[in-house]
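Please look over the sequence and the structure before reading on.

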Amino acid sequence: MAAATTTTKIAAATASASSSSALRLSSPPPPPRFFPSMLPKTLGKPLHMTSSKNPISDIVSGYRNLPTNTDSNAFYSDDDDDKPREECGVVGIYGDPEAARLSYLALHALQHRGQEGAGIVALHDGVLQSVTGVGLVSEVFNESKLAQLPGDVAIGHVRYSTAGSSMLKNVQPFVAGYRFGSVGVAHNGNLVNYQALRAELEDNGSIFNTTSDTEVVLHLIATSKARPFFLRIVEACERLEGAYSMVFLTEDKLVAVRDPFGFRPLVMGRRSNGAVVFASETCALDLIEATYEREVLPGEVLVVDKDGVSSLCLMPHPEPKSCIFEHIYFALPNSVVFGRSVYESRRAFGEILATEAPVDCDVVIAVPDSGVVAALGYAGKAGVPFQQGLIRSHYVGRTFIEPSQKIRDFGVKLKLSPVRAVLEGKRVVVVDDSIVRGTTSSKIVRLLKEAGAKEVHMRIASPPIIGSCYYGVDTPSPEELISNRMSVEEIREYIGSDSLAFLPFDSLTRLLGDDSPNFCYACFSGKYPVEPTGKVKRVGDFLDDGLSGSMESIEGGWIPGNRSQKEVKKLPWKHEVQCSS
C-alpha cells in the first residue's frame, strides 16, 4: 500500500503546521522576561520533525453514504458487535535507548483500544520527531519508519477516529511548537467543556487545525505564563473538565497526568534497565517486559526527567469515578485495571448471571471475543459445558464486495460463523458483554437458530445501558439505546431470543464491595459525575452495524448536554499536596 511521506522542520519560535496537527497561534501573547534557563537547549536547530503515512485507500474507506466510484456492490460494515468504542490507548517511555521500538510494541498490545490510527513521537538530540498514520500499528510502522525515531524518550497513541478525509490530521500524538520549544501529547478521554474552551481560545486568536479536543490542551499550554514548563501543563489541566489520561513529551521531560476523577486508566511500570513506562493497560507493560508498579493516581501529575520521578497533585480530587466498562468490555482480560484483574471481574459477572438468571440448557457459548470469560464463568457455575458455538474471523476489514444477490445479515456472517455441530438441537445460552442498539444481537440470535439451535437464551454480562457516555467512550444518543426505549421483555421480543437477562446493577455493586463508590455507572444510571456543559463532541465513529449512523457523525455528531447541570466546584491546585490512593 503506497504511503505519502512528508518532513517538516521548524524553528524554536515557529509553530509546526504538519499532519500531526501542531499548534498555530495567530497572535502570540507578549513575550515574558527571559532568563538563561528558559532558553531552549536546541536553539538554532529544528525542534520538531514529522513523517506521516496517509494511504488513500485507508482514508476513503467506503462509507456507504459517501458518493464514490467504487463497485456498486461495495458493502461498508461497522458491525463491531453493537458495542461502545474506547477512544484510544497511550504509552510513554523514558530512559530506554529503544524507546520508540518499545512504544511500537506497547501500541500493538493496546491495539484493541483503537484501530483507525497510530503515532509515535520520540525525542532525539533535543528534537521531537513524529510518525503518524492511518490504520493498524503494523500498517503505519515498519523498519524504516522506526529508524526515523531514535532517542531514549517516546510517547505513542492508538485511536478510533472519524471516517473521511480528515482522519489523518486527528491522529495523535500531536506536536506543537511554542515560544520556548516543542511539546507532544497523547490523550485518552473526552473533555466535557471542550466547546466552551475552544470558543474562548478562538475569540482570543487561536487557530485550530483539528476537530480533536486534545488540541485545546496544547493551546492552553501555549498561552499559559506559568514557569517552569510542567506548571503550564498543570495550569492547563485545571481548566479541563471530563476524562483525560495524558502523556506529554518535552525536550527534557516525560509527564503523565490523570484527571481528578480517574475516569480512564493509566499505569506506571519500570523495565529492568530502570526505564519508566506509562501505559493505558498493564498488558502493554507485560509485552515489553516492564514490571507494573502502580496506577497514576486520580489528579496526579508524574514528571520524569534525569533526576528521577516526581509526583505532584494536580488538585485535591473528589471520590474517584473509574469507568466500569473497562472491566466489562474495553480492557484485555490479562490486564489489571484500577487495581483489579479484568479476567476475574468478567468471570464473576458470568457466575452472577448463572446464579440470578438460571435456565435449563445444554451448552453455553460466547459472542467472541469479549463475552468469552463471562461465558466461562456462567458455564462453570451452572455446571454446563462451555463450547465454541461461534467462530470469529479476525481478518475481515470494514469494506467488502457483496454479491449482487443480497445476503441477509451479511456483515455479521462475515465476522461470526456458527458451529452447527455445537448448536443443532441444543438449548443454548449465549453470553455477551452488552447490548447497545440491539441490531447485532437480533442477527446473532437469528444466526444461531438458522444453525439449528432449539432455544437461544441471551445473557448479558452488564446492566442495561440507558445513558450516553461523555468521558471518552463512543456511545449513541439515549434515544438510540435500546434499553432506554424498551423493557427487558420488549428487547427480548425485538432480538427474538427465548429469554433475556442482564447483570443486575445491585449485584454488580455488591461484587465490587468497598470499591463500588469509586466507579462511574453513568451509562447505567444516567447520573454523571461531571455534568457536560452545552454540547459535547461525539467521540470517534458511530458504532453498531452502520444501519443507524448518519453522515453527521463524520464531523458533527454533537450530543446535547444534560439540562439539569450542577456546578462542579473547582479546588485550587497546591503543589505541596500529595495525591493519595
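How is the lining of the second largest cavity divided by class, into nonpolar, polar and charged residues? The lining has 15 nonpolar residues, two polar residues and one charged residue. The model discussed here is a predicted one.

**Cavities**

Three cavities of 30 Å³ or more are found when the whole structure is searched.

**An open sheet**

Six strands form an open sheet in the order β9-β10-β12-β13-β17-β18, and their pairing is antiparallel. The edges are formed by β9 (174-178) and β18 (308-313), each of which pairs on one side only. On average, neighbouring strands of this sheet are turned by 20° against each other, with direction ignored.

At one end of this order, β17 (residues 300-305) pairs with β18 in the antiparallel sense, and six bridges join the two strands. Within this part of the sheet, Asp-305 stands opposite Gly-308, a residue of β18.

**Two residues and their surroundings**

Ser-516 belongs to the loop that runs between α17 (505-512) and β30 (519-520). With a relative accessible area of 11%, Ser-516 is buried, because this value is under the cut-off of 20%. Once neighbours within four places in sequence are set aside, Ser-516 is in contact with Thr-509 and Tyr-521.

Asn-484, by contrast in setting, is placed in helix α15 (residues 482-485). The relative accessibility of Asn-484 is 39%, so this residue counts as partly exposed, a class that lies between the limits of 20% and 50%. Residues up to four places away in sequence not being counted, Asn-484 touches Ile-465, Ile-466, Pro-478 and Glu-479.

The accessibility of the two residues is set out below.

| Residue | Relative accessibility | Class |
|---|---|---|
| Ser-516 | 11% | buried |
| Asn-484 | 39% | partly exposed |

Notes:
Residues numbered from 1 in each chain as written. Predicted model: local features only at pLDDT ≥ 70, side-chain atom pairs only at ≥ 80, totals over all residues. Heavy atoms only, no water. 1 Å grid on protein atoms, 1.4 Å probe; cavity = no way out; pocket = protein on both sides within 12 Å on 5 of 7 lines; lining within 4 Å. Points joined across faces, edges and corners; volume = space filled by probe spheres on them. Nonpolar A, V, L, I, M, F, W, Y, C, P; charged D, E, K, R; others polar. Helix = DSSP H or I, 4+ residues; strand = E, 2+ residues; numbered from the N terminus. Buried < 20%, exposed > 50% of the residue type's maximum accessible area, 1.4 Å probe, protein only. Contact = heavy atoms within 4.5 Å. Pairing = 2+ DSSP bridges. Axes fitted to C-alpha atoms, helices over the stretch in contact; angles between N-to-C directions.
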